[in-house]
Amino acid sequence: MTAETLAHLMEESNRTVLLTGAGMSTESGIPDFRSSTGLWQNIDPRIVASTESLQKNYEHFREFYQMRITALDNCKPHKGHLILADFEKRGLVSLIATQNVDQLHQQAGSKNVAELHGNIVSIRCQKCGKPHGKEQFLNNSICTYCSGKLRPNVVLFGETLPTEAWDRTLHEIHEADLVIVIGTSLEVYPVNQLPSMSRGKLVYINREQTSTSAHYSFDLVLEGTAGEILTDVHRKLGDLKKF
Ligand code: APR
């Protein structure tokens, strides 16, 4: 019933925006942050993922991101990512605003993706901003130009979100008549403000109810994994493509 309801909402919608979080990538083998098996269960993000850690704890910071970047080599988009890319191709989705830094949406073929928290697949110098190769970060190099510290283009705790991605998402959210939130606890500001900024219908797809999700007035809540639910919705939308 609920997958069918969402399929109808998508068919009726002229502009659908997706907001995805780490729960969209766990079926690709990438841990999320706050569920029982999440990264932050054993690691304090302030020690490895903040501007402070970059300045005062660079070895820890670098080790954490080297581990996450290397882990990506064995991860690929799952059927849920491929289905979202197919939805975009069929004009059913206008933007994916993601908090994920793994670029799996793009790898799956999605073109309109706003990386609200940047990504960990591209590297820059913290001091002069010049781009560097992933390998240079992985082998502990320093900036070729100014000997500064290298870091991924991820948004660290304490940094502002990329203006272009944020502004584009704000615009699309205001125009949207359907916002589908997938695999996020909605705990992190300011992304967790986005669903309430929409005048459209609000749908939540998540493996579990979270303490924060209860604060939103979702029109529809589908509890389950992103891959499963998106497969059901895709089937309901007909001309099923085998994934
Ligand atoms: N399908 C659906 N939901 C899932 C799945 C799945 N396969 N796997 C996990 N989830 C759910 C979890 O139950 C959890 O509620 O996805 C949610 C992920 O929440 P978080 O781990 O908090 O991740 P996210 O909301 O993306 O975190 C936001 O916090 O640490 C920062 O920058 C980091 O972008 C991240 C931000």
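This is a short tour of the structure, stop by stop, with something to select at each one.

**Before you start.** You are looking at a predicted model, in which local features need pLDDT of at least 70 and side-chain atom pairs count only at pLDDT 80 or more, while totals for chains, interfaces and linings use all residues. Residues are numbered from 1 along each chain as its sequence is written, and side-chain values use heavy atoms, with hydrogens and water left out.

**Stop 1: the whole chain.** Show the protein chain as a cartoon and you will find 10 helices and nine strands. Both kinds of element are DSSP runs numbered from the N terminus: helices are H or I with at least four residues, strands are E with at least two. The radius of gyration is 18 Å, close to the 18 Å that the globule rule gives for 243 residues, so the chain is as compact as a globular protein of that length. (That radius is taken over C-alpha atoms, and the rule is 2.2 Å times the number of residues to the power 0.38.) Along its principal axes, the C-alpha trace spans about 55 × 35 × 35 Å. Buried residues make up 53% of the 243; buried means under 20% relative accessible area, exposed over 50%, and partly exposed in between, with a 1.4 Å probe and protein chains only.

**Stop 2: the six-stranded sheet.** Now select the strands in the order β3-β2-β1-β7-β8-β9, which form an open sheet with parallel pairing. Two strands pair if DSSP finds at least two bridges between them. At the edges are β3 and β9 (220–223), each pairing on one side only. From one strand to the next, the twist averages 15 degrees. Zoom in on β1 (residues 16–20) and β7 (residues 178–182), which pair over five bridges; here Val 17 stands opposite Val 179.

**Stop 3: His 117.** Select His 117 in the loop between β3 (113–115) and β4. At 15% relative accessibility, His 117 counts as buried. Leaving aside neighbours within four places in sequence, its contacts (heavy atoms within 4.5 Å) include Thr 98, Asn 153, Leu 161 and Val 191.

**Stop 4: the three-stranded sheet.** Move on to β5-β4-β6, an open sheet with antiparallel pairing. Its edge strands are β5 (131–132) and β6. Between β4 and β5 there are two bridges, and Arg 124 stands opposite Pro 131 in β5.

Stop 5: Which cysteine sulfur is nearest to that of Cys 125? The sulfur of Cys 146 is, 3.5 Å away, which is too far for a bond. A disulfide is a pair of cysteine sulfur atoms within 2.5 Å, and the whole structure has zero. Cys 125 is buried at 0% relative accessibility, whereas Cys 146 is partly exposed at 24%.

**Stop 6: helix α4.** Finish with α4 (residues 58–72), whose 15 residues reach 21 Å from first C-alpha to last. Among its buried residues are Tyr 58, Phe 61, Phe 64 and Leu 72. What covers the buried residues of α4 includes α2 (45–48), α3 (51–56), β4 (118–125), α7 (134–138) and β6 (150–154).

Note on methods:
The expected span of a helix is 1.5 Å times one less than its number of residues. Axes are lines fitted to C-alpha atoms, for helices over the stretch in contact, and angles run from 0 to 180 degrees between N-to-C directions.
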